[in-house]
Amino acid sequence: MYFYKQKLLHAAQLKKLYDHKYSCTNVSLMDPYLQPWWTWLVSKVPLWLAPNLITIVGLLINIATTLILIYHSPTGRDEPPRWASALCGIGLFIYQSLDAIDGKQARRTNSSSPLGELFDHGCDSISTVFVALSACISVQLGYYPRWMFFQCFCAMTLFYCAHWQTYVSGTLRFGRIDVTEAQCTIIGIHMISAVFGPSIWMTKIFGQFELWSTMAIMTILCGGWSLLEFFSVIRAGGVGKNGSTVAIPIVGGSWNHTVCAMFTFGFIQMFVTFCQSFRAGGVGKNGSTVAVSIFRCFTFSFPHPMYPVLSFN
């Protein structure tokens, strides 16, 4: 009742909220192939079904299937049943499909609103945690807790930065390799674990590199590229439709530049810290290591965070 009686937004803010229109650009590689499926699916949804209900159902399915996986592998080291990995992959596919059609349903029923957009993205922020965690459990990344944290950290950081650049530009941008590609990759990870068993990810594929390392490499490369794209927009300052900005002038720069630098430094520092663990040799389930032998007498090691050098075995 207190919030009902209080005016939380003044007239100018309410007008901007009323005038707000969802804006996005999309150059995703996979979206054009999935659009026919999403268009067909939304055509089968009854008009009386609220878009927000579609959103929350997708989120609950994703959370439920992930919790089943966590139940069978609470430490991330135990091998979960193959059916649990398959169920998690199916749950993520359902979530992806429902998340893609909730906006279509809103436009179809002429019920689009800023509140619906906020609710959709709020559910996405929750789902990001469960999606990243389920992928880590499916490849038994609990044996490498730092990498497991790194994967989850990257997922949440990229989600935050994507909406940060939306705030300062007024447009949500989807790159060529973005959320759809990431979700399809994770669905593939779950299905591989379901068919071959989670232990397949501990298979050595190149020297001492294990199969799960490909997921970490993809995260580093794609995540780093996405951060560069986001920061190129963020550092330009607020240019959104409603004059949104977080650009506060400080000593010839802005908070945009400062926070971007902090994120970049944190990303690099985390990666270098993880690399330090490799010099200790095999610490995985099978005594695995990612130290790469060179000419039988050298291996890469990282004795200091800022000075990678070559050391003799």
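**Figure 1. The largest nonpolar core of the predicted model.** The largest nonpolar core holds 22 residues, and those with the most contacts inside it are Val139, Leu141, Tyr144, Trp147 and Trp212. At least two residues of this core come from each of the helices α5, α6 (114–138), α7 (145–169) and α9 (213–234). The greatest contribution is that of α7, which supplies five residues. Apart from this core lies another, of 10 residues, which includes Trp38, Leu49, Ile54 and Ile101. As the model is a predicted one, the legends describe computed features.

**Figure 2. Surroundings of Leu141.** Which residues are in contact with Leu141, leaving aside its neighbours within four places in sequence? They are Gly76, Cys136, Trp147, Met148, Gln151, Trp212 and Met215. Two of these partners, Trp147 and Trp212, are listed together with Leu141 among the residues with the most contacts inside the largest nonpolar core.

**Figure 3. Two residues with positive phi.** Most residues other than glycine have a negative phi. Asn110 is not a glycine, yet its phi is positive, at about 60°. Asn110 is placed in the loop between α5 and α6. Gln140, likewise not a glycine, has a positive phi of about 55°, and its place is in the loop between α6 and α7. Are Asn110 and Gln140 buried or exposed? Asn110 counts as exposed because its relative accessibility is 73%, whereas Gln140 counts as buried because its relative accessibility is 0%.

**Figure 4. Arg108 and its contacts.** Arg108 belongs to helix α5. With a relative accessibility of 35%, Arg108 counts as partly exposed. Not counting residues up to four places away in sequence, Arg108 touches Val42, Ser43, Val45 and Leu47. Pro51 is 57 residues from Arg108 in sequence, while the C-alpha atoms of Arg108 and Pro51 are 9.7 Å apart in space.

Figure 5. Trp37, Trp40, Ile90, Phe93, Ile94 and Met191 make a nonpolar surface patch of about 520 Å². The elements that each give two or more residues to the patch are α3 (31–43) and α5 (82–108). Which element provides the largest share of the nonpolar patch? That element is α5, with three residues. Ile90 counts as partly exposed because its relative accessibility is 45%.

**Figure 6. Two buried cysteines.** Cys123 counts as buried, since its relative accessibility is 4%. Cys161 is also buried, with a relative accessible area of 0%. A disulfide is a covalent bond between the sulfur atoms of two cysteines. In this model, the count of disulfides comes to zero, a count that requires paired cysteine sulfur atoms to lie within 2.5 Å.

**Figure 7. The whole protein, for orientation.** The protein contains 10 helices and nine strands. Of its 313 residues, 39% count as buried. The protein exposes about 17,700 Å², of which carbon and sulfur atoms supply 70%. Among contacts between residues at least 6 apart in sequence, 74% join residues at least 24 apart.

Definitions and conventions: Residues are numbered from 1 along each chain as its sequence is written. This is a predicted model: local features need pLDDT of at least 70, side-chain atom pairs count only at pLDDT 80 or more; totals for chains, interfaces and linings use all residues. Side-chain values use heavy atoms; hydrogens and water are left out. Patches are made of residues with over 30% relative accessible area and no salt bridge: like charges are joined within 9 Å, nonpolar side chains (Val, Leu, Ile, Met, Phe, Trp, Tyr) within 5 Å. Accessible areas come from the Shrake-Rupley method with a 1.4 Å probe; for residues, only the protein chains shown count as cover. A salt bridge is a side-chain nitrogen of Lys or Arg within 4 Å of a carboxyl oxygen of Asp or Glu. Helices (H or I, at least four residues) and strands (E, at least two) are DSSP runs, numbered from the N terminus. Buried means under 20% relative accessible area, exposed over 50%, partly exposed in between (1.4 Å probe, protein chains only). Contact means heavy atoms within 4.5 Å. A nonpolar core is a set of buried Ala, Val, Leu, Ile, Met, Phe, Trp, Tyr and Cys residues joined through side-chain atoms within 4.5 Å.
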